[in-house]
Amino acid sequence: MRTADAADNAAMPPAQTTEPFVVKRRSLGTTRTTLYLGSVVFGLMVLFTLLCVVVQLIRGEPIREPLEAVWLSWGGMPLIFAVGLPVLLLVGLVTTAEERHEGDQDDVLLSINETGVYLGGEQPRTIPWSDVHGICRVERRGVNSEGEDAWHPYLVVLRYDGDALPRSSKAWGPSEQWPGTVEILGRPLPYDDLVAAVARYAPHVQVTDRGRVTD
């Protein structure tokens, strides 16, 4: 009996689990990034203090004078900052831990998995593969921060076959600005990475780069 069970288990292929292709927002305004930066600053402050103490001990001179010159300058602002920074780091640590429990779906700009294509942004949505007739990259004319005309790349999930596309590219399907081009420190999305990700989960879906569109 055990031999038969072992044979059945050997015949069954192992479960295949594939991590989704995800492009996330990496902004300087996130709590996690601020926590990292604050930790680096606090570490440098401690290192500088220890360095001053070691140098003065080697010289055989008083430690108090250089420390007072540094930490009590500008009305004691460096000392106040040094005392308050650990409290801020503790608050940031608690907030980051809560964010991990709540999930970071709001930071996802694009996700491609077995289910379909997830587009983040102001109106997040998931388009199942059954509704996807293609994925393309286009460039649309817009205005930059200086008021000049510029071309901005977009990722479009096509809802129509190539022969049935409406004249206006804005009606081709849901679209978002190309992930990583606008967000601060956002991970850029190379075109080849997009092609490889779609081929992994939906090899029947074609990925194209249609360049600049007039609308």
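How many Å² does the accessible surface of the chain come to, and what percentage belongs to carbon and sulfur atoms? The accessible surface comes to about 14,400 Å². Carbon and sulfur atoms account for 58% of that area. The model shown is predicted. The legends below start with the whole chain and then turn to single sites.

View 1. Read from the N terminus, the elements follow the order α-β-α-α-α-β-β-β-β-β-β-α-β. The chain has 215 residues, and 31% of them count as buried. Contacts also reach along the sequence. Among those between residues at least 6 apart, 55% join residues at least 24 apart.

**View 2. A nonpolar patch on the surface is formed by V40, L44 and L47.** Together these residues have about 300 Å² of accessible area. V40 belongs to helix α2, which spans residues 31–59. The relative accessible area of V40 is 49%.

**View 3. Strands β2 and β3 form a hairpin.** Strand β2 covers residues 108–112, and strand β3 covers residues 116–119. Three residues lie between the two strands. The pairing is antiparallel and uses three bridges. The bridge partner of S111 is Y118 in β3.

**View 4. Strand β3 also forms a hairpin with β4.** Strand β4 takes in residues 125–128. Four bridges join β3 to β4, and the two run antiparallel. Here the bridge partner of L119 is R125 in β4. Five residues separate the strands. One of the residues in the turn is G121, with a positive phi of about 100 degrees.

**View 5. R125 and E176 meet in a salt bridge.** Side chains of opposite charge can pair when their charged atoms come close. In this pair, the closest N and O atoms are 3.1 Å apart. R125 lies in strand β4, while E176 lies in strand β7 (residues 175–177). The pair therefore ties together parts that are 51 residues apart in sequence. Is R125 buried or partly exposed? R125 counts as partly exposed, at 26% relative accessibility. The structure holds four salt bridges, so the next view turns to others.

**View 6. A network of salt bridges links R137, E139, D209 and R212.** Start with R137 and E139. Their closest N and O atoms are 3.3 Å apart. Both residues are buried. R137 also forms a salt bridge with D209, at 3.7 Å from N to O. This pair links distant parts of the chain. R137 sits in strand β5 (residues 134–143), and D209 sits in strand β8 (residues 207–213). The two residues are 72 places apart. R137 has 17%, so R137 is buried. D209 has 42%, so D209 is partly exposed.

**View 7. L165 is buried in the loop between β6 and β7.** Strand β6 spans 149–158. The relative accessible area of L165 is 18%. That is under the 20% limit, which is why L165 counts as buried. Which residues does L165 touch, not counting those up to four places away in sequence? They are L158, Y160, W172 and R210.

**View 8. S169 is another residue of the loop between β6 and β7.** S169 is buried, with a relative accessible area of 1%. Leave aside the neighbours within four places in sequence. S169 is then in contact with R140, V213 and D215.

**View 9. Two cysteines, C52 and C136, are buried.** C52 has a relative accessibility of 14%. For C136, the value is 0%. How many disulfides does the structure have? The count comes to zero.

Technical notes
Residues are numbered from 1 along each chain as its sequence is written. This is a predicted model: local features need pLDDT of at least 70, side-chain atom pairs count only at pLDDT 80 or more; totals for chains, interfaces and linings use all residues. Side-chain values use heavy atoms; hydrogens and water are left out. Buried means under 20% relative accessible area, exposed over 50%, partly exposed in between (1.4 Å probe, protein chains only). Contact means heavy atoms within 4.5 Å. Accessible areas come from the Shrake-Rupley method with a 1.4 Å probe; for residues, only the protein chains shown count as cover. Patches are made of residues with over 30% relative accessible area and no salt bridge: like charges are joined within 9 Å, nonpolar side chains (Val, Leu, Ile, Met, Phe, Trp, Tyr) within 5 Å. A salt bridge is a side-chain nitrogen of Lys or Arg within 4 Å of a carboxyl oxygen of Asp or Glu. Two strands pair if DSSP finds at least two bridges between them. A disulfide is a pair of cysteine sulfur atoms within 2.5 Å.
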